[in-house]
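Let's take a walk through this structure together. Have a look at it first, and then we'll go piece by piece.

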Amino acid sequence: MQQETYKPGEHPDLPPPSNTIGPMAWIRENLLSSPTNIVMTALSAWFLYEIIPPTLEWVFLDAAFTGENRDECRAKAAGACWAFISERFNLFTYGFYPHESRWRVDLSFLLLLIALVAVLWDRAPFRKQGLYFACAYPFIAGWLLLGGYGLEPVETDKFGGFMLTLVVGVTGIAFSLPIGILLALGRQSDLLAIRLFSVGFIEFIRGVPLITLLFVASTMLNYFLPRGTTFDLLLRVLIMVTLFSSAYMAEVIRGGLQAIPKGQYEAADAMGLKYWTSMRLIVLPQVLKISIPGIVNTFIGLYKDTTLVIIIGLLDPLGIGRSSLADTKWTGLSNEVYLFVAIFFFISCFGMARYSLYLERKLETEHKR
Amino acid sequence: MTIKKAAALATALSLSTMTAQAGTLEDVQARGELNCVVTTGLAGFAAPDENGRWEGFDVSFCRAVAAAVLGDGEKVKFVPSTGKTRFTLLNSGEGDILFRNTTETMSRDADLKLTFLPVNYYDGQGFLVRKDLGVNSAMELDGASICIQTGTTTELNLADFFRANNMNYEPVNIETNEEGIANYSGNRCDVYTTDASGLASTRAALDDPSAHVILPEIISKEPLGGAVRHGDDQWADIGKWVVNAIIIAEELGVNKGNLDAMCGSAGDNPSINRLCGTEGDMGSMIGLDAKWAVRAIGVGGNYAELFDAHVGPDTPLALARGLNASWRDGGILYAAPIR
């Protein structure tokens, strides 16, 4: 056997010792490295063993997927009764939206996805046109959902379920960011009136629970408005939710503004840039980048807060679920409803969280510590 | 601030506009739609079906009023409300009328400025216990842990009952009925207490209903009925007489099936004729036409039909008529005559 010879410094790396690679090594390293770790591993394994098989059993293996009512489900299987959810799926999705017009909800959702791709993905094909489309989207969606101008009008009290969550969530998210930026800038303004207004607005809104604002929106406003004026309930909710998250957004942005070194502001001034130009070109891009986790955090909070609209009698998925439980055919199936709604919210919120991570990585240029 | 105070404040705020609020009938007719405040969901009384159509005992009364006033029982916009928002929604004008299994009490009538319509369901608070507890009477519940919804009249009734009988209990506070079911079936309380109609649906929702029993004692009076705002007597009259007409229809044997035959032309029974609008001029007294009651009954039928369809023995709730039987059958359902 020939002995390989290498010049000094050119010897290829030897393979790692066999006890440091492969699954066994990984297990030893990560699960069994110390007595405490061994105990924790054993406890976790026992815990998972206790939780996972019964859950799988309940959710899939011993579940009934068809049936006319709860008793038929129970006769078939002891686990979950998904027939309930599938019978009510349309109610969960569209709320009380008229059957013959539900294609309009589907179409607005599809267009929303197209607009989102253009906004969120910078290498999307036809991105420029897509961005124009995204700007026009709120009006297109409003027309599709509310009707008028050739479409059958649908009143907003017919909105419900997931579409209501999306309408409130997307509107709140879309409008709270720009308003929040303006409020944050206003709070640092040299003009006393603007500063006082911003501070007053932010502190007032943050000092009041969202439920209270929604309650005011749904009932108290009617006392103050002249009798006979009808002011759409959903519109009131959208305004309140947007204002509420704007106040939080403003504080997130303010944190970002204060994290930017003073030199950046001074450099912008030194270049002779006007206030808005310097904000747009120099300060805000940096602020928004470092504020991404906080911004998305606020978005997710807002999205989940949409379930509070049940207080004022709008039926979001959770409200639809609770009302459905009152159907005598299906009483007592609350686990199925809550699990179903939880999965929907998890998908949406997890999606937002993952996108924010992607964006952070993409915009990562410095500050790596 | 308690809900009651908030509602009272809200009412006080609206007092100035209240006097100018007469004319709910005109408002409703101009709008072409009745705004009816219902619950967000209570088995048998109001809940949306799989197509999003509201169904239930209370819902049927909403539709009957809409049929009487607008000529079409489908022209109702249902305003779902929680126990906390129902009166504010009514008083602020979001709703025209309220059918939300609401107990008529003096403070709600006088303090919250509501006008109650005739009682459409006589309920009372009861107790649900597990059979293996071996309890046969509420008097044996000393020391029991009891699941109770906070902020309701049932909470106060429970305290009154145990104090009056010199017994102790351990309250397990819950917010909603589903929470009550979950806590009770999870053995976190020995007893669940709420209105008897609610107990029946709760028991039906349990995995093994036969292992549970509703104790015979009813410890409170819960006359449930519709309500309207103070300040518009004509509108209150309409609500009142629609409910009465539905009750009277049962007394007179008028139902959905024979409505056309009985009311087609004036017959020999003057009471039926007045109900049908073929004799006298009853409708114009409440600002409606002669066929108001016929339309109201035509939606879901008379009281017996509404009861059987939504909460009666053939439904999962399986409630007996009991107190809600007509006075001729030993109940206390007794409507003032239409004459």
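Which domains does the domain assignment of chain B give? There are two: domain 1 (3-123 + 223-255 + 300-318) and domain 2 (125-220), with bounds that come from an automatic or database domain assignment. Keep in mind that this is a predicted model, where local features need pLDDT of at least 70, side-chain atom pairs count only at pLDDT 80 or more, and totals for chains, interfaces and linings use all residues. Residues are numbered from 1 along each chain as its sequence is written, while chains are lettered from A and ligands numbered from 1 in the order in which they are written.

The C-alpha centres of domain 1 and domain 2 of chain B lie 28 Å apart. Where they touch, domain 1 of chain B brings 11 residues and domain 2 of chain B brings 9 (a contact means C-beta atoms, placed from the backbone, within 7 Å).

Now for a sheet in chain B: 5 strands make it up, open and mixed in pairing, in the order 9-8-10-7-11. Strands here are DSSP runs (E, at least two residues), as are helices (H or I, at least four), numbered from the N terminus; two strands pair if DSSP finds at least two bridges between them. Strand 9 (170-174) and strand 11 (212-214) of chain B each have a single partner strand, so one side of each is left without a neighbour in the sheet.

Strand 11 of chain B pairs with strand 7 (residues 125-130) of chain B in the antiparallel sense, over 3 bridges. In that pairing, B:R130 stands opposite B:H212. Helix 6 (residues 153-164) of chain B packs on the sheet, touching strand 7, strand 8 (145-149) and strand 10 (191-195) of chain B.

Technical notes: Contact = placed C-beta atoms within 7 Å. Axes fitted to C-alpha atoms, helices over the stretch in contact; angles between N-to-C directions.
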